[in-house]
Amino acid sequence: MKSITKQKPFEEIKQKLHGLNRVYILGCGTCATMTRTGGIEEVKAMKERLEGLEKTVTGWTVVPTACDEMTAVAMKENERPIRNAACILVMACALGIHRVGLYTNKPVIPALDTLFIGVEEKPGYFREVCAQCGQCVLGETAGICPLTACNKGLLNGPCGGTNEGKCEVDKEKDCAWTLIYQRLKLQGRLDLMRQYHPPKNHQVALRPKTIKLG
Amino acid sequence: MESKFKQALNSGKFVVTCEIGPPKGTNIEKMLHHIDLLKYRVDALNVTDHQSSVMRFPSLGGCLAVKERGGEPILQMTCRDRNRLALQADLMFAYSRGITNVLCLTGDAVVVGDHKEAKGVFDLDSVQLLRAVRQMEAGKDLAGNKLDGAVSFCAGAVVCPEAKPLEPQLIKFEKKVEAGAEFFQTQGVYDLESFAKFMEHARQFPVKILAGIILLTSVGMAKYMNANIPGIFVPQHLIDELASAGKGRALEKGIEIAGRMIATLKKEKLCDGVHIMAIGKEEVVLDILAAAGI
């Protein structure tokens, strides 16, 4: 699992830092490093750009995994430069930003937009394959999630917007239901596509989603 | 009581429906003019529901106007903009005002329209919406609660007979039939040979099929549809025919082609009727009917 992020436009970061002239930067050694949005190189580059705006970067770190509790330890170790800053600019996904917010009362400013939880299909190419809906249908859809891979999240087959296996929203994008159809056909299981799927039960995963194990 | 449209479908006659596109804005004069022009000349008028995801005057409002002016409306209802509560509410409202034909559609993706930043709803899909209609007719809402007063509709759906690949569309077609669709208005067809093949398959099911006829207005429009509209394939010989008409005469030729296709469909009893889509040129529908000999 990877949390896929993209750096916000610098203009937006600049705006969010308006009036906050002393900045501490925190990056993440896991997903954001892999997507080259919040690793050491990107954090250093951000430091330089902020200094170009006459901001003072009181310090920076790239914690191993921003979303886990060890972030508390890393922030404790960097207590002094963090204390000297007016805010923390976080170059991690929203899970990391949330975690950092638990350990400080200072404003926590996101430098990245979190796009999706995805897998790396080939180097540098990420795809969302699960929408974490709480009610998995992959057993009936040949392992391809129509809620995620179909723009409309259709459960009962393709819409009329598909053409030559592509999607109406983007001619480069595969139609999820054509893929499901092809794979089910190969498996001799097209009867699964003939089955009626009732409307999705959104109550199984009410927001905010929480769970207590055991 | 059966709707007039349903009576027409069951009468064995060659049924003709066409499409009314509501305006963007509250000036509905042109729409009312089109309704008045066509209301007694066709069996029913579909009113589109934010066609191509472009925000417009609502289908429900257009259908009410059709009804009030003595016509027979078909409420086009997409799943794009309303969740299951809103869809059910609109079905009840429509029924209470005498709108008793509904065409259940998934709806185009939001991003193909003019409100690209909007949230697409798709809480239900077209198959589920058809089943919702039938459940409400049985006096229950989608949560299983009893309705104080049920609905009753002649419910239909759409199918793409020329889609590639076709089989996934046929599977969905069958699911729509099982969900209770009584009639189908197809995506525009131009290749009558391949349409006849589709009809061989469709004839196994107890549903009425109205072939979609999209008026060709120019060579550019035909080429544009081939390149951009899924499920539409205008054959080269029709494009050549349009081109042969010469400057300023393409629309006339398009009317002739549409009329000829309708006449063939009727004469060869290929299907149960036609659904004419003269997108933006509703005033020439009568000319198409004349060209078809209807």
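Mentor: Let's take chain A: 34% of its 214 residues count as buried (20 or more other C-beta atoms within 10 Å of a residue's own, with C-beta atoms placed from the backbone; 12 or fewer is exposed, and in between is partly exposed). Bear in mind that this is a predicted model, in which local features need pLDDT of at least 70 and side-chain atom pairs count only at pLDDT 80 or more, while totals for chains, interfaces and linings use all residues. As for labels, residues are numbered from 1 along each chain as its sequence is written, and chains are lettered from A and ligands numbered from 1 in the order in which they are written.

Now the overall build. Chain A carries nine helices and nine strands (DSSP runs numbered from the N terminus, helices being H or I with at least four residues and strands E with at least two). Its C-alpha trace spans about 65 × 45 × 25 Å along the principal axes.

Residues 2-116 of chain A are assigned to domain 1 and residues 129-198 to domain 2, with bounds that come from an automatic or database domain assignment. Between the centres of these two domains of chain A, taken over C-alpha atoms, there are 38 Å. Contacts (C-beta atoms, placed from the backbone, within 7 Å) also reach along the sequence: of those in chain A between residues at least 6 apart, 57% join residues at least 24 apart.

Most residues other than glycine have a negative phi, and most peptide bonds are trans. Arg36(A) is not a glycine, yet its phi is positive, about 55°. You'll find Arg36(A) in the loop between helix H2 (31-34) and helix H3 (40-52) of chain A, where it is exposed, with 12 other C-beta atoms within 10 Å. Gln132(A), again not a glycine, has a positive phi of about 50°. The loop between strand E7 (125-128) and helix H7 (146-149) of chain A holds Gln132(A), and this residue is exposed too, with 11 other C-beta atoms within 10 Å. Further along, Arg207(A) and Pro208(A) are joined by a cis peptide bond, omega being about -5°. Pro208(A) sits in the segment after helix H9 (191-194) of chain A.

Finally, look at what chain A touches. The contact takes 24 residues from chain A and 28 from chain B. On the chain B side, helix H5 (126-137) and helix H6 (167-179) are the elements that give two or more residues. H6(B) supplies the largest share of that side, seven residues. By class, the side of chain B that touches chain A has 13 nonpolar, six polar and nine charged residues (nonpolar being Ala, Val, Leu, Ile, Met, Phe, Trp, Tyr, Cys and Pro, charged Asp, Glu, Lys and Arg, and polar the others, Gly among them). While you're there, note the cis peptide bond between Lys164(B) and Pro165(B), with omega about -5°. Pro165(B) belongs to the loop between strand E5 (154-159) and H6 of chain B.

Terms used. Two residues are in contact if their C-beta atoms, placed from the backbone, lie within 7 Å.
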